[in-house]
Amino acid sequence: MDPSAVHQVCAQLVGAVEVSLDPNASVSKRREAYEACEQFKENSPICAQCGQVLAQLPNPAIIRHFGLQLMEHCIRHRWNVLSIEDKLFIKESSMELLRGGTLSMFDEQSHIKDAIARLIVEMVKREWPQQWPSFLEEMDALCKRGPTQAELALLIFRRLAEDVAVLQTLESNQRRKDIHHALNANMESIFGFFLHVINTNLQLIGNAEANKIPLKLCEVVLKTLSAFVEWVSSAALIYNNGQLLHSLCALLNDSQCEPVLYAAAECLVQILNRKGSWEERQFAVVLLQNPHTMNCICMAAERGLRCPPSEPVYLFLKLLTQVVTGLGSQMQYLLAKDASTALPANFSIFLEVLMLFTQHPSHVITRECNSLWAAFFKHDQISKNPEFIVYAKRWIEISVPKCMKVGVPSQTECASSVYSTMDFDSDEEFFVFFHRYRAEMQDCLNQVTLILPLEAFQYAECCLMTVMSKETPAVCSFFTPLVIEWEAVTVVLDSVLNKILHCAVRPSPAAGLGLIKQCLQLQNNDPFIMSFVLSSISALFVFLSMDQACAATLPQVLQKIFSALVFALPGQTKDKRTRAVKNVRRHAASLMVKLAQKYPLLLLPLFDEIKVTINNLSTAPDQLSQLEIVTLQEALILVSNHFNDYARQTSFIAETIEPISPIWVSLGPVFSDVRAFMSYVGLDKPPVEPSTEDTNGKNRSRIMRCTKLLFAIIRRSQWPTDPELQAKGGFIACHTPNGVPVQKNPAAPHFLPNFLPQLLALCKTLHDLWKPEALAALSEGYKKCNDMVEELKRNALGTNVTSWSLVESVEHRPQSPLERMQNFLTTLYEHCYLILGAAGVSFGHDFYSIPMLSENLVLSVFTDLDHVPDYRLRSLIRPFLKSFISCCPSSYYEILKPLLSAICPYMYQRLTNKWQHIASLYDNGEIESPETCDTQCCEAVLEDNLNRLLSREYFDLLRAVLIGSSPGFSAAADETMDVPMDAGPLNAKNTEVISDLGKQMLSVDVICQSIFLCVLKAFSWSDNTLSQRATQLTLPLVKLLFAENKLSDQAVSHIMCSILHGLEVQGEHENVSTSFTHLGASVYDILRPQFAVVKEIMLSIPGTSVEDVNRLDEKVLNPVKGAKREKSIRDSFRKISLKIANEGTSKLFQKKVNIKDLRPMPRKVKVSSALMDSPDVQHNVLDDLFGNW
């Protein structure tokens, strides 16, 4: 085209670009200008020519960038249709821009450099190496023109490596493989070029002004290297005796340019984070065996630690810490894989550097180091090394200071706080981190105790004695230094003594007994210190089990615990106890439960004395709260389980439950009528304040006392685990026809006949509270009593972050009458279903053999569910129903059928309607982010989240019914099928089979239909987690129903359409799309031989090729034996089905890029040695080698 015409068009484009970016122009003008630019980009035949003109200097940067975009657009979207002349024009224009079309290195803007680099990279993707073999030579010649061109060449290599190997954004897999192969083939020269740039520019560093260019080039080449070192072969890294690795380590000591330090450290981190076999980690051997490496790292660490705290220095130290820990991880791997490998000669220097970083005030750096210490403590060879033992002792000495909860960003008096302000945005974020950090510290302490038990105990002993000798301030709070120190000491003491019994060499019981006596003699009335003393006694209790003589101290220990149990500050009454005092008392009660769980045989001889003490305290007026009494009763029940005598245990349970029996019986009429219940608890009366004058509050307290004690009894009472003790103690009720003993629980005869009927009536009444007539009878002050409590709301919304602001007072504001009522109803509802769930676990046959049990449950627990909200229904599904089903003996499976016949159809209909409602809220824009929306919108978000939680928990229940209980759903389920891959239908290794329980339940049509329809319906619900769980249940269901000939053409059509619809709705998510594709391929493989309708469904997919479907059909109907059969079918199914997969928002309007594959690159063919020995072959080879000479 005429150059003048091109310039005329360019002038119009310049005007359009300026208008589109002019903030003073109207919206319509900017839109028109933008659309004009886009239309020109898409349709103009002179797009590349105009781009070349606009990209020239001295046009403004905005215009030049637009010109480069035009040229890039031609390469990306028109390259396949451009003529050879146009391609050469674009290529030469781009190379000319590289040679002299930019400003100098420091004057040119980075986005211009990046745009020019993209031009070359896009051409490389389409032409190199087959049709642009001189690319590397041209880049080499370009670098010789000056530092500006060298920088651009490095940017080209960096983007090419990122697109091809790191991010793998290249659209054509074949082209990606070609370029990847070419890069590897030329890696020696490429890395040689990188090293040449580094070494050359390091030598040029002189005065400050002259340093700018060489330092900048060093920084750029290191950033380019970071795009290569993750994936190149290990041979490239250790080329020329590891010159690259040594250069990177040497750069760590070059303090003249901080960006160079960071880039060198980042490269080393990426190298040391590489995985692979022993051979692929030879770079680590090079680093470890060279003494220069550790010397460089050590000097860099010492220099960085001497510098005053600043963000750049701190960033470098964190990178250097990752270098050290990465090197240690590689060392550990090499030692584990090859037993003959010896520790490096400079191992002590490495440990010294690691210790330097471990002692750093930053918790983040310390945590990074502790991960390596923990691995070393567990390593057989390293943990026995004498040099390491010395440093392990030093690590123990810094454990207590590192466990202290200091360094809060809002505090400034601590050195750690300076670094916390750089790492965390708030105190809350710091404490979330610190919780994980301390847990990892405890794991390290556990492991080091196994190595050095005596040293660990001696240090913990010294710390405890030190902190006990310190004077307590008049007033303590969470942030008092002594409280912080006490807390750290108790953490260390518990972590050390937790593993002491696993050690071959243990501290003497006398040493532990001495510490216990010191704790018993400590007189301190501060609630915080008392609580820490109890924690110390709890940790030291292990010594009482080590020596019979030490057990004589047990009465004194119990006396100390009981004194804390009744602790109160002067002048305090039961109703006026502070939060700190309540915490001490509850800590003492909980400690009794812990001791009863861990050391029941120690407490058993003193059972009668403990029981008398607890009974006296329980009957004393205004002494113990109901929660404290129930907790102490739990401890007694745990100890009584070791009577190993059914008659004695059941007698004790009768004695324990006797005080609440008349109360529970008297509550029968209250539980049976909703209006009587409302009147009894005060729901139909105005709220009363203060709580001491609320007579209905005492009624609520009676109910809670009964339910808490019942739950404690049912949960804790159990029979012996030893079959011989069961027989001797009278715990065997009978035997099954197979000879399996049936145990009886000591609490069953007291709970089942006397308490269960009223409990079921209470469950029905709690559901009746949601009926319109009951809601209308509520008093005005209790209209919102059924609302969700605020804490549960925050949990459901994911905004329940604990406030950790510095508050001297720990008193909580008193609850209002409405809040007390809300907490009462919430807790009561949860306790009812916890009791029912625990009854199945604890009572077994005694519970499931109750006559009419399933009918009574249906008439009570499953009535009026339409009125019950999601957050209440969750308590029924998870704590009760899932546990009830999972623990049901096989001989009583029949009683589950009425329950599931009632709940499964109801849940299917309820969830279907609720998900449709949620979808309408999204469509109407009524659901937004909870941080930005108003109150009404937050309620909609809460409703959505609760629906998701309920749906997921219901699918957990379905899994328990169909497959069996498991720790939880995983992306890949347990491998329970082992069928040869070369025969039969597709077998997904990550699927299970239907259990015997599932088969019996699915034999009931209403259960089978509602479960299967619900699973298929979940494919289209907008919850990835739920869809994944549904796909895991579908294949076992299909296999079972297919094997039992229960599938019709209509059912098969519905199954296949549901899978494809799920792929259509949720195909934008790669993991979900993969699950649906694998499921669809497996289902097609199973059903196609008998149901031709599945082929018709596949043919109905828009844009589907008949040849593709026939090819899939051929693979299924005429299978070829081999391990690749499964993959072949999945690939064919994916090719067909992904045409309907939904795309993410980011890809909806993205123009597709099509890169043509080039001719295959020649591959080296291996010739067998026998063939090479043939004279004819030798003659031909010689002809090939010297024929052209």
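Student: Is the crossing of helix 5 and helix 7 left-handed or right-handed?

Tutor: Helix 5 and helix 7 make a right-handed crossing. Before we go on, this is a predicted model, where local features need pLDDT of at least 70, side-chain atom pairs count only at pLDDT 80 or more, and totals for chains, interfaces and linings use all residues. Residues are numbered from 1 along each chain as its sequence is written, and side-chain values use heavy atoms, leaving out hydrogens and water.

Student: At what angle do helix 5 and helix 7 pack?

Tutor: Helices (H or I, at least four residues) and strands (E, at least two) are DSSP runs, numbered from the N terminus. Axes are lines fitted to C-alpha atoms, for helices over the stretch in contact, and angles run from 0 to 180 degrees between N-to-C directions. Helix 5 covers residues 84–100 and helix 7 covers residues 135–143. They pack at about 30 degrees, and their axes are 10 Å apart. Helix 5 and helix 7 are therefore roughly parallel (under 35 degrees; over 145 is roughly antiparallel, 65 to 115 roughly perpendicular, the rest oblique).

Student: Which residues of helix 5 and helix 7 meet?

Tutor: Contact means heavy atoms within 4.5 Å. Helix 5 brings Lys91, Met95, Leu98 and Arg99, and helix 7 brings Glu138, Met139 and Leu142. By class, this contact has four nonpolar, no polar and three charged residues. Nonpolar takes in Ala, Val, Leu, Ile, Met, Phe, Trp, Tyr, Cys and Pro; charged takes in Asp, Glu, Lys and Arg; the others, Gly among them, are polar.

Student: What does UniProt list for residues 33–100?

Tutor: The unreviewed UniProt entry gives "domain: Importin N-terminal" there. In the model, residues 33–100 are 79% helix and 0% strand. The end C-alpha atoms of this stretch are 31 Å apart.

Student: How are helix 24 and helix 26 packed?

Tutor: Their angle is about 45 degrees, with axes 8 Å apart. That makes helix 24 oblique to helix 26. The crossing of this pair is right-handed.

Student: Which residue pairs with Glu440 in a salt bridge?

Tutor: A salt bridge puts a side-chain nitrogen of Lys or Arg within 4 Å of a carboxyl oxygen of Asp or Glu. The count here comes to 55. In one of them, Glu440 meets Arg367 at 2.8 Å, N to O. Glu440 lies in helix 24 and Arg367 in helix 19, so the pair ties together parts 73 residues apart in sequence.

Student: What is the angle between helix 33 and helix 38?

Tutor: It is about 20 degrees, and the axes lie 9 Å apart. Helix 33 and helix 38 are therefore roughly parallel. Helix 33 crosses helix 38 in the right-handed sense. Their contact includes Val630 and Ile637 from helix 33, and Leu709 and Ala712 from helix 38. Its residues divide into six nonpolar, three polar and five charged.

Student: Is the peptide bond from Leu57 to Pro58 cis or trans?

Tutor: Look at omega. For Leu57 to Pro58, omega is near 10 degrees, and the bond is cis. Pro58 sits in the loop between helix 3 and helix 4. The bond from Trp128 to Pro129 is also cis, with omega near 5 degrees. Pro129 is in the loop between helix 6 and helix 7.

Student: Where is Met852 found?

Tutor: Met852 is in the loop between helix 45 and helix 46. Its phi is near 60 degrees, a positive value in a residue other than glycine.

Key: Left-handed = near helix turned anticlockwise from the far one by under 90°. UniProt positions renumbered as here; feature names shortened; annotations may be inferred.
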